Amino acid sequence: MHCASGNRAGALMALRAYFVQNMSPAAAIDEGKRAGLTSLIGTVSSVIEEAEAAKGN
């Protein structure tokens, strides 16, 4: 997977790390950053925070 800046691909990798690979929120964001996550970090963090709240963590 790729995109011009890596930002969208990084966002997807972070969400995959959290939802599929069951990584912690911080580890998932780090994974996204390694894959190119930049300006979408706020959006990705919000999605993960909402999921955490729904789990009651």
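I began with the pair α2 and α3, which are roughly antiparallel to each other (angles under 35 degrees count as roughly parallel, over 145 as roughly antiparallel, 65 to 115 as roughly perpendicular and the rest as oblique). The angle between them is about 155°, and their axes lie 11 Å apart, the axes being lines fitted to C-alpha atoms, for helices over the stretch in contact, with angles running from 0 to 180 degrees between N-to-C directions. I take helices as DSSP runs (H or I, at least four residues; strands are E, at least two), numbered from the N terminus.

I note that this is a predicted model, in which local features need pLDDT of at least 70 and side-chain atom pairs count only at pLDDT 80 or more, while totals for chains, interfaces and linings use all residues. Residues are numbered from 1 along each chain as its sequence is written, and side-chain values use heavy atoms, with hydrogens and water left out.

**Entry on α2 and α3**

For the handedness, I found that α2 passes α3 in a right-handed crossing (left-handed if the near helix is turned anticlockwise from the far one by less than a right angle, right-handed if clockwise). I then listed the residues that meet, with contact taken as heavy atoms within 4.5 Å: α2 brings Pro25, Ala28, Ile29 and Lys33, and α3 brings Ile41, Val44, Ser45, Ile48 and Glu52.

**Entry on the faces of α2**

Which residues of α2 are buried? In this helix, residues 25–34, they are Ala28, Ile29 and Gly32, where buried means under 20% relative accessible area, exposed over 50%, and partly exposed in between (1.4 Å probe, protein chains only). Viewed down the axis of α2, these buried residues fall within an arc of 100°, so they line one face of the helix; the arc is that of the directions from the helix axis to the C-beta atoms. As background, an α-helix has 3.6 residues a turn, so residues three or four places apart point the same way. The buried residues pack against α1 (7–19) and α3 (41–55), whereas the face turned away from the buried side carries the exposed residues Ala26 and Arg34.

**Entry on α1 and its partners**

I looked next at α1 and α2, whose axes come within 7 Å and cross at roughly 150°, and which are therefore roughly antiparallel to each other. The contact is made by Gly10, Met13, Ala14, Ala17 and Tyr18 of α1 and by Pro25, Ala28, Ile29, Glu31 and Gly32 of α2, and α1 passes α2 in a right-handed crossing.

For α1 and α3 I read an angle of about 15°, with the axes 10 Å apart, and that makes α1 roughly parallel to α3. Their crossing is right-handed, and Ala11, Ala14, Leu15, Tyr18 and Phe19 of α1 meet Val44, Val47, Ile48, Ala51, Glu52 and Lys55 of α3.

**Entry on the core**

How many residues make up the largest nonpolar core? I count 10, namely Ala11, Ala14, Ala17, Tyr18, Ala28, Ile29, Leu37, Val44, Ile48 and Ala51, such a core being a set of buried Ala, Val, Leu, Ile, Met, Phe, Trp, Tyr and Cys residues joined through side-chain atoms within 4.5 Å. Each of α1, α2 and α3 supplies at least two residues of this core, and the largest share, 4 residues, comes from α1. I also looked up Tyr18, which, not counting residues up to four places away in sequence, touches Met23, Ser24, Pro25, Ala28, Ile48, Ala51, Glu52 and Lys55.

Asn7 is found in helix α1 and is buried, with a relative accessible area of 6%. Leaving aside residues up to four places away in sequence, Asn7 touches Gly36, Leu37, Thr38, Ser39 and Leu40.

Gly10 also lies in α1 and is buried, at a relative accessible area of 0%. With the exclusion of residues up to four places away in sequence, Gly10 touches Gly32, Ala35, Gly36 and Leu37; the C-alpha atoms of Gly10 and Leu37 are 4.2 Å apart in space, although the two are 27 residues apart in sequence.

Most residues other than glycine have a negative phi. I noted that Asn22, in the loop between α1 and α2, has a phi near 55°, a positive value in a residue other than glycine, and that Asn22 counts as exposed at 65% relative accessibility.

Is Ser5 buried or exposed? Ser5, in the segment before α1, counts as exposed at 57% relative accessibility. I recorded a C-alpha separation of 31 Å between Ser5 and Ala54, which are 49 residues apart along the chain.
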